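Colleague: Could you take me through this structure? I have just opened the file.
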Amino acid sequence: MKEFKIGKQEFKMPTQWSEITLATYVKMAELDEKKEDIGMAELYLLKVIEALCGVEEGDLDDLTLEGVNELSVEVGFLKEEPAWSNTKHIKIEDIDYVFPTDLNKLTMGEYISIKTLQDAQTTKSGIIPYILAIILRPGKLEVNDETGKEEWIQDKFNVANLEWRKDLFMKQPVFDLMGPVTFFLNGSGAFTTNTKDSIPVV
């Protein structure tokens, strides 16, 4: 984390993928979608830094150009496509959440829920936490009676806790979550933010 001050107020900014939550990732991806609409390179860079710091629009307006230049060096990691982990399960607050073993075998309920929620989003990236809330569910590690092999078994899908689960995942490190979601994002869940031409000249 990069720590800096504006006056007496302190801020922290992630400087590597492992420090970014899903909520921050979604904000960054939505910014990337709107990059052309933002237009001014310096404004886009400021918005990137705001998103990384988790602050409201305008909270960093008192940053100097020198300060922005210094911070722009720290956001260079966004240009690197992360190697997402592809784990079978993660533990959050003592609950095991299990990824599906084969995303080609989604149930109709899962598929229809994803498509319905996707149509309701105003950005392409807004569907990401909902996909996770649908495909990443509580489960248990069971032993196959015949083979003796252990395997993770998901709880049956239902929409009851969908919003709650989405909010829970938004607080988690994105690095542990995005691997399986790439299946739904044309083979790549990563976005790259080109900061090279967004650095203002002092």
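This is a predicted model: local features need pLDDT of at least 70, side-chain atom pairs count only at pLDDT 80 or more; totals for chains, interfaces and linings use all residues.

Colleague: What is the phi of Glu-93 like?

Modeller: Glu-93 has a positive phi of about 50 degrees although it is not a glycine. Most residues other than glycine have a negative phi. Asp-94, placed in the loop between β3 and β4, is not a glycine and has a positive phi of about 65 degrees.

Colleague: Is Glu-93 buried or exposed?

Modeller: Glu-93 is exposed, with a relative accessible area of 62%. For Asp-94, which is exposed, the value is 72%. Exposed means over 50% relative accessible area, buried means under 20%, and partly exposed lies in between, with a 1.4 Å probe and protein chains only.

Colleague: How do β3 and β4 pair?

Modeller: β3 and strand β4 (residues 95-98) pair in the antiparallel sense over 4 bridges; two strands count as paired if DSSP finds at least two bridges between them. Ile-92 has Ile-95, in β4, as its bridge partner.

Colleague: Which sheet do they belong to?

Modeller: They belong to an open sheet of 4 strands in the order β3-β4-β5-β6, with antiparallel pairing. β3 (89-92) and β6 (150-154) stand at the edges with a single partner strand each, so one side of each has no neighbour in the sheet. From one strand to the next, the twist averages 50 degrees.

Colleague: Which helix packs on that sheet?

Modeller: Helix α7 (residues 162-170) does, touching β3, β4 and β5 (137-143). A contact means heavy atoms within 4.5 Å. The direction of α7 makes about 100 degrees with that of β4; axes are lines fitted to C-alpha atoms, for helices over the stretch in contact, and angles run from 0 to 180 degrees between N-to-C directions.

Colleague: Changing topic, how many residues has the largest nonpolar core?

Modeller: That core has 41 residues, and Phe-4, Leu-22 and Phe-169 are among those with the most contacts inside it. A nonpolar core is a set of buried Ala, Val, Leu, Ile, Met, Phe, Trp, Tyr and Cys residues joined through side-chain atoms within 4.5 Å. α3 (41-53) is one of the elements that give two or more residues to this core, and α3 gives the most, with 8 residues.

Colleague: What does Leu-22 touch?

Modeller: Leaving aside residues up to four places away in sequence, Leu-22 touches several residues, including Ile-128, Leu-132, Phe-169 and Leu-177. A second, separate core of 11 residues includes Leu-103, Leu-117, Ala-133 and Ile-135.

Colleague: And Glu-110, is that buried or exposed?

Modeller: Glu-110, found in helix α5 (residues 108-120), is buried, with a relative accessible area of 6%. Not counting residues up to four places away in sequence, Glu-110 touches Ile-134, Arg-137 and Phe-157.

Note on methods. Residues are numbered from 1 along each chain as its sequence is written. Side-chain values use heavy atoms; hydrogens and water are left out.
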